[in-house]
Amino acid sequence: MDTQMTGTSVQDNHVPEQAPLLRHVISLVLLFVLVLGIVGVNPFRQTLAPMDLLLAYPGWDNAGIDTPLVNMERSDILDSRLPNWREFRRELREGHIPLWNPLNQLGTAGIQAPIYEGLSIPFLVYALTPNEAMGYTFAILSNYLLAAFGTYCLLFFMFRNHVAAVFGAITFAFCGFNIAWAHWPHLTTSALIPWVLATQLRYWQTGRLGWAFGLIFSVALMGLGGFPFVALLGAIASLMLGAVLLFVEFRSAGINQLAVRRTIALGCAGAAGALLALPGLLQVKDILDSTDLSIRDGRAIFTPYDIVNMFGSDFVNHLGVERTFSAGVPAAVLALLALIFVFKAPNRFAAFGLLLAAFTLATAFGAAPADIVKMIPGFGINGWGRVVILFGLSLAILSAYSINFILSLKFKSVTSLHSMSDYKFYIVIFLCVLQTINLGYWFRQFNARPDIETFFPKTPSISYVLSEILPGQSIIAGDIFNFSGVLSNYRLPELFAHGFRTDAQKKIVDDIAPSHEVSYTASLIQCSDINFSSPGIVYAAVRFFIVRDFCIAYETDGVGQRPTAALNGGALQGGLSIDKPMDATNVQVLFGTYDEDYAPSALTFDLYQNERLVAHAELPPEAIRNNLYATFAFNRNVPLDAGTYRYVIAMTKPDSKKAISAWAFETAGGATYQIGSRTFPGMPKMKIGAKPRLPQNFSVASVEPGIDVIENNAVSGSGYYVNGLSGQPEADYGPVRLASYLPDDLTVGYSGATHGWVVLPIRVNKYWRATLDGKPVKLDKFLDFFPAVEVTGPSEIHFYYDSSHLLKTLEFCLVGFAAATILLIVANGRRPRTAAV
């Protein structure tokens with residue numbers, strides 16, 4: 001076994017001993033079975049898509065489908081990844097290349113932008129599978145299989161041990177980072193890192209051009225994986241591996257021609273792969289160039305103490321997507337043993353694993369000064385916690401090294417040799433089984449496996465809007481449908497969908513819903529926050545609002561919380577100061593039933609103004625559940641003027657032996673409430689639901705219980721006319737008619753006779769063009785966001801996305817790729833006969 005740091009040189013090629021093909025086949029079949037076992041999904045009955053989170057929201061209550069909620073941290077898949085994937089898949093199956101996506105924020109770059117993963121292997125699997133829910137499951141599985149098989153190759157090339165390679169393969173494939181980010185481009189990108197390293201190492205060992213070409217395509221696929229920062233981490237790992245190999249080579253054999261040639265060849269292969277990915281990466285650059293990234297600041301979310309969580313437990317904070325990095329307890333133990341073994345049997349690959357761990361500690365765990373870390377490209381605008389993917393790779397390498405070391409131990413006593421070999425073998429098998437169970441457990445803590453029929457079920461409201469909406473028109477969905485962008489899965493365009501926003505876009509969305517933003521890229525819209533009088537609603541062609549059948553028009557607030565005294569001792573009463581008029585439909589109150597299934601008594605709610613009863617409602621016991629808001633619905637809309645009111649909540653059977661209390665803020669700006677004759681500081685947790693007061697051009701359709709579909713009747717077409725590009729001109733949809741439509745190529749006719757501009761309610765970038773009656777014209781912008789063409793009379797306007805820049809970039813990159821490949825072949829030279837395998 002070659003364990004010494006200086007054991008061999010590149011001149012005898014580090015060629016592993018020949019291993020029968022059958023052993024590799026058995027190892028890969030075993031690895032395939034282990035991956036399926038850890039994921040534990042039946043793709044013919046279940047899907048890996050996070051429908052558990054989708055169906056947890058009341059917008060789908062009437063779909064008649066229920067599934068347990070496994071993890072709340074999956075919203076990005078529903079409002080970003082899947083809407084893009086579904087649109088790309090539909091367009092491709094309709095025979096159209098999706099270079100423009102009209103659904104996301106009314107328009108973004110399409111499949112050619114790697115951040116949407118449309119150029120990735122998992123998307124290809126998803127798009128080719130006839131059943132969409134099954135295709136998504138296979139897409140996720142393909143990532144784990146790619147990661148596992150690539151790591152197996154890497155570790156076998158390192159240690160020449162099948163068992164160690166299989167163990168390390170599942171360790172990296174299902175390390176905490178990859179489990180937690182299962183549905184994000186993070187995994188799509190990280191799954192290619194082992195392939196980059198394996199092809200790099202194998203070329204260094206053999207000098208075969210086939211492995212160099214494998215490196216080219218691995219680098220290209222990693223660059224197109226969808227998350228540039230993880231691709232950067234893969235490049236850093238590759239540089240570290242190259243540095244270790246060169247150090248060992250120069251230490252053992254000095255500077256020699258063969259090592260220099262192979263180093264140059266590897267550099268050419270890496271450059272060729274980067275050039276293949278460059279056209280897509282330039283699309284990402286265009287997106288980032290139009291985005292203010294100053295709010296994004298790179299920093300460490302871990303402390304050096306958090307390294308103890310490599311054993312899978314978080315002793316301070318609840319584990320979540322951003323904080324999970326454990327690769328299994330057995331792998332952690334073996335990695336620690338490697339720190340001991342490496343002194344007895346120094347090994348260049350163990351040193352590489354330790355180097356990866358040191359880099360992770362310096363960055364993700366904040367051991368190095370932040371100012372120095374930020375000097376590394378990409379670390380200034382990305383969370384350093386993502387570096388733990390390299391920690392997962394480190395544990396895979398070190399644990400494989402430890403297994404290899406244990407299995408290679410020899411004993412002086414010949415009589416005990418056979419029994420000791422069996423003993424070692426059983427220990428390793430036990431560790432493999434334990435690792436598989438451990439990783440499978442963690443996978444199920446993060447990733448749901450709901451029934452396949454839960455994959456985006458339709459509801460009456462969604463179906464109604466789909467049947468009425470026209471191309472170019474859009475919707476706004478309330479918080480009952482999760483974050484904005486989720487309904488884009490149903491081919492409903494959303495201005496507030498997930499993604500980066502330009503400054504001009506922010507002005508429009510801030511006027512429509514001032515408090516929409518919950519993160520730099522995500523929006524959550526409450527009905528009460530929508531400014532239905534905003535002109536941006538008409539300019540953006542928002543035709544439908546799908547919201548709860550009431551808005552939260554008033555909500556108490558305060559500091560701290562505690563239960564009130566039991567209502568058995570008297571009615572709960574206090575004052576409310578309402579600051580704006582509303583048409584109240586209900587009042588919601590948060591109750592505690594002391595772990596009983598429901599309340600011991602019916603409750604009544606009365607609202608008074610100047611001792612005049614203005615609203616009354618009653619709830620049966622079964623409608624009042626423990627630690628949930630109970631809704632007192634009024635039998636009519638109750639107009640409430642701004643002013644002071646008094647509420648009274650009472651039990652119909654106060655003599656019940658079981659108690660009920662309301663939850664209250666401990667302090668609420670000096671407010672008090674009463675239970676019977678006793679007075680307490682604070683205020684109960686209450687919400688008042690009300691119907692929004694809509695302008696005259698809006699109408700409401702209630703096609704299912706609990707949801708209103710509000711229609712903006714001012715939006716009647718797919719484009720409009722304005723008489724100027726400044727101020728707030730009136731948008732007239734009457735004289736503009738849609739003649740033909742594709743997402744990236746559409747024609748409208750203008751029938752008016754007055755001078756002005758025809759505007760499309762879509763978001764465009766610098767690659768959109770227009771013609772007027774067949775002649776190229778300047779494309780103006782309305783509100784610095786919507787495309788506009790100047791007209792003087794009846795005319796036909798053709799808008800289209802110009803993809804010629806993609807072809808020019810691709811031509812340039814192909815020339816560079818060809819040059820790098822030629823240099824690679826020249827640098828490689830003829831392979832010595834001794835390198836033959």
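## Cysteines and the disulfide

Cys813 is buried, at 2% relative accessibility. In this predicted model, the cysteine sulfur closest to that of Cys813 belongs to Cys268 and lies 16 Å away, too far for a bond. Cys432 is buried, with a relative accessible area of 17%.

The whole structure contains 1 disulfide. This bond joins Cys527 to Cys551, with an S to S distance of 1.7 Å. The two cysteines are 24 residues apart and link distant parts of the chain: Cys527 lies in the loop between helix 19 (503-512) and helix 20 (535-539), and Cys551 in strand 5 (residues 551-555). Cys527 is buried, with a relative accessible area of 9%, and Cys551 is buried, at 4%.

## Nonpolar cores

The largest nonpolar core comprises 162 residues, of which Trp60, Phe174 and Leu487 touch the most other members. Helix 5 (residues 132-159) supplies the largest share of this core, 18 residues. Beyond its neighbours within four places in sequence, Phe174 is in contact with Val35, Ile38, Val39, Tyr144, Ile179, Leu439 and Phe443.

A second, separate core has 40 residues, among them Leu576, Ala584, Ala630 and Ile688.

## Packing of helices 12 and 21

Helix 12 (residues 257-289) packs with helix 21 (residues 804-828) at an angle of about 170 degrees, and their axes are 8 Å apart. Helix 12 is therefore roughly antiparallel to helix 21. The residues of this contact comprise 20 nonpolar, 6 polar and 1 charged.

Methods: Residues numbered from 1 in each chain as written. Predicted model: local features only at pLDDT ≥ 70, side-chain atom pairs only at ≥ 80, totals over all residues. Heavy atoms only, no water. Axes fitted to C-alpha atoms, helices over the stretch in contact; angles between N-to-C directions. Helix = DSSP H or I, 4+ residues; strand = E, 2+ residues; numbered from the N terminus. Parallel < 35°, antiparallel > 145°, perpendicular 65-115°, else oblique. Nonpolar A, V, L, I, M, F, W, Y, C, P; charged D, E, K, R; others polar. Core = buried A, V, L, I, M, F, W, Y, C linked by side-chain atoms within 4.5 Å. Buried < 20%, exposed > 50% of the residue type's maximum accessible area, 1.4 Å probe, protein only. Contact = heavy atoms within 4.5 Å. Disulfide = S-S within 2.5 Å.
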